[in-house]
Amino acid sequence: MRGRSRMNLVRAAVVSFFLVSLFWLPAAEAKTFKLLSSWPENMIFVEGCYKPFSANLKELSKAQLETKFFGPDVIPTMEQFQPLQSGAFDLLYTIPAYHLGATAAGTGIDAIKPDPTQVRRTGVFDFIDRLYQKQGAKLIAIVPITDLHFLSRVPIDNNQPSFKGVKVRTTPTIAPLVEKLGGAAVNLPSGEVYTALQKGVIDAATIITFGAVDYKWYEVTKYMVRPTFGYISTLILMNLKKFEQLTPEEKSILVKVGEKTELDAREFFKEKKAAEDKQLKELGMKETFMQPADAAQADRIYMETIWEMSEKKSGEEIKKLHELAKSKGLTQ
């Protein structure tokens, strides 16, 4: 009996040790993706897109997948696509214009309706993804930001056409719209816009529908030109080899994170736009309006410019994307 009791005690001790060992086993180490961003952490795009993406990734993976942030201080903005292609970084948060020299695969997104659900459902997302895969990148998310508008020192309500005699600081994709409406397109670095408006070197400037408060352009302009026009979106890309090395479950998580982040960001920036519009009016900004005929064609001119620039760079591939988007009602 004593021998049997000793044996039972030994067994109990072994079982207890096994259970305690299980309890104290270290948790599986999280897999960390190095994410390169075209903007620093305090920039509004990062707040509205990267931070939800990072949070969603951690939540949906139950803390088994996470990101480590690297900004343009590590790799300059216009040089970031190659480090993604080479695998030096796992993820890239950027806009297509910043790697237009390598591919125009994503530039057409700004000429497509910013409806993440429809873009995925119609196959447009997958088409753009396939174009990026040819460049060694996997498309994770097309993240809508906001539309654009002009801030002006002068009213344009009585101009015919709307920008007649108005000098407008703009970008290559918006310059044809300004010129079509009678204005003079001026190319200036963003850091020089405030002074140029203040001194009357330019009369108006293009900007997304939030940001004027941060740049204090309201101090040197009086009017918000209406209607707004166009749209811009950002991208989250992944090194293709890195993506292919993931487990099926990890790939599925990244797809879900991309989808959720697109919708989260759209709501974030929608609220940001409304808040800034209210704030600018409280600061004394007034609305001034394009002529109805000009307003009716603003979106069309902007979108046609983007398609023309994209097709010039990537030819048939972008033409096919344009045709697909048009057939699905995403270009009107």
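Reply: Start with the elements: helices (H or I, at least four residues) and strands (E, at least two) are DSSP runs, numbered from the N terminus. Glu259 sits in one of these, helix H10. The model is predicted: local features need pLDDT of at least 70, side-chain atom pairs count only at pLDDT 80 or more, and totals for chains, interfaces and linings use all residues. Residues are numbered from 1 along each chain as its sequence is written, and side-chain values use heavy atoms, with hydrogens and water left out.

Me: How many helices and strands are in the chain?

Reply: The chain has 12 helices and 10 strands.

Me: What makes Glu259 partly exposed?

Reply: Buried means under 20% relative accessible area, exposed means over 50%, and partly exposed is in between (1.4 Å probe, protein chains only). Glu259 has 35%. That value falls in the middle class, so Glu259 is partly exposed.

Me: Why is Asp294 called buried?

Reply: Its relative accessible area is 7%. That is under 20%, so Asp294 counts as buried. Asp294 belongs to helix H11 (residues 292-314). Leaving aside neighbours within four places in sequence, Asp294 is in contact (heavy atoms within 4.5 Å) with Pro161, Ser162 and Leu181.

Me: What makes H5 mostly covered?

Reply: 7 of the 10 residues of H5 are buried. They are Val124, Phe125, Phe127, Ile128, Asp129, Leu131 and Tyr132. The cover includes helices H3 (81-86), H4 (116-121) and H10 (248-282), strands E4 and E9 (229-239), and H12.

Me: How do you know that H5 and H12 are roughly antiparallel?

Reply: Compare their axes, which are lines fitted to C-alpha atoms, for helices over the stretch in contact, with angles from 0 to 180 degrees between N-to-C directions. Under 35 degrees is roughly parallel, over 145 roughly antiparallel, 65 to 115 roughly perpendicular, and the rest oblique. H5 (residues 124-133) and H12 (residues 316-327) cross at roughly 170°, with axes coming within 10 Å. H5 and H12 are therefore roughly antiparallel.

Me: Which residues make that contact of H5 with H12?

Reply: H5 gives Val124, Phe127, Ile128 and Leu131, while H12 gives Glu317, Ile318, Lys320, Leu321, Leu324 and Ala325. They divide into 8 nonpolar, no polar and 2 charged. Here Ala, Val, Leu, Ile, Met, Phe, Trp, Tyr, Cys and Pro are nonpolar, Asp, Glu, Lys and Arg are charged, and the others, Gly among them, are polar.

Me: At what angle do H11 and H12 pack?

Reply: About 140°, with axes 6 Å apart.

Me: What makes a nonpolar core, and which residues have the most contacts inside the largest one?

Reply: A nonpolar core is a set of buried Ala, Val, Leu, Ile, Met, Phe, Trp, Tyr and Cys residues joined through side-chain atoms within 4.5 Å. The largest has 95 residues, and Phe45, Tyr93, Val124, Phe150 and Phe163 have the most contacts inside it. Strand E4 (residues 137-152) supplies the largest share, 10 residues. Among the residues that Phe163 touches are Phe150, Ile156 and Met290.
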